[in-house]
Amino acid sequence: TFDYYTSDDPKRFKIRFTEYLTGISEKRVASSLCNVYSANKELNIQYQDLQGKKGQAYVYDMQGRKIKTIMLDGSGSQKVKLPAQTGGCIVKLIFSDYTETHKIAIR
């Protein structure tokens, strides 16, 4: 526990998710074919190297609950509105012959 005051800045802490907590390594894989990030509570999925391939993206919160299922249409890039919550989440991209997992922060 720790002491706090209502006047404390709510952004005073920075949470860093590590492999110990999530089981997913922080290390970037050189062979990553997808880029996943969030901005303004919108999930941006870029998969130009897999353009033309349809797939699915699953978004999970840090407790493992599925937040959203997204059908990837093969366009190479998609934006999806996320629920109003903020914090860390896991995005799993699945194509017929390729799977990739990303950790992101919803802001």
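**Reading the labels on this predicted model**

Q: In this predicted model, why is phenylalanine 2 called exposed?
A: Phenylalanine 2 has a relative accessible area of 54%. You will find phenylalanine 2 in the segment before α1 (19-22).

Q: What makes Phe2, Tyr4 and Phe13 a patch on the surface?
A: Patch members need over 30% relative accessible area, and nonpolar side chains are joined within 5 Å. Phe2, Tyr4 and Phe13 form such a nonpolar patch, and together they have about 400 Å² of accessible area.

Now for the rings.

Q: Why is the pair of tyrosine 47 and phenylalanine 95 called tilted?
A: The ring centres of tyrosine 47 and phenylalanine 95 are 5.5 Å apart, and rings pair if their centres lie within 6.5 Å. Their planes stand at 45°; under 30 degrees would be stacked and over 60 edge-to-face, so this pair is tilted. A search of the whole structure finds one aromatic pair.

Q: How do you know that this pair ties together parts that are apart in sequence?
A: Tyrosine 47 sits in the loop between β2 and β3, whereas phenylalanine 95 belongs to strand β6, so the pair links parts 48 residues apart in sequence.

Technical notes
Residues numbered from 1 in each chain as written. Predicted model: local features only at pLDDT ≥ 70, side-chain atom pairs only at ≥ 80, totals over all residues. Heavy atoms only, no water. Patch = residues over 30% accessible without salt bridge, like charges linked within 9 Å, V, L, I, M, F, W, Y side chains within 5 Å. Areas by Shrake-Rupley, 256 points an atom, 1.4 Å probe, with all protein chains shown as cover. Salt bridge = Lys/Arg side-chain N within 4 Å of Asp/Glu carboxyl O. Helix = DSSP H or I, 4+ residues; strand = E, 2+ residues; numbered from the N terminus. Buried < 20%, exposed > 50% of the residue type's maximum accessible area, 1.4 Å probe, protein only. Phe/Tyr/Trp six-rings, centres within 6.5 Å; stacked < 30°, edge-to-face > 60°.
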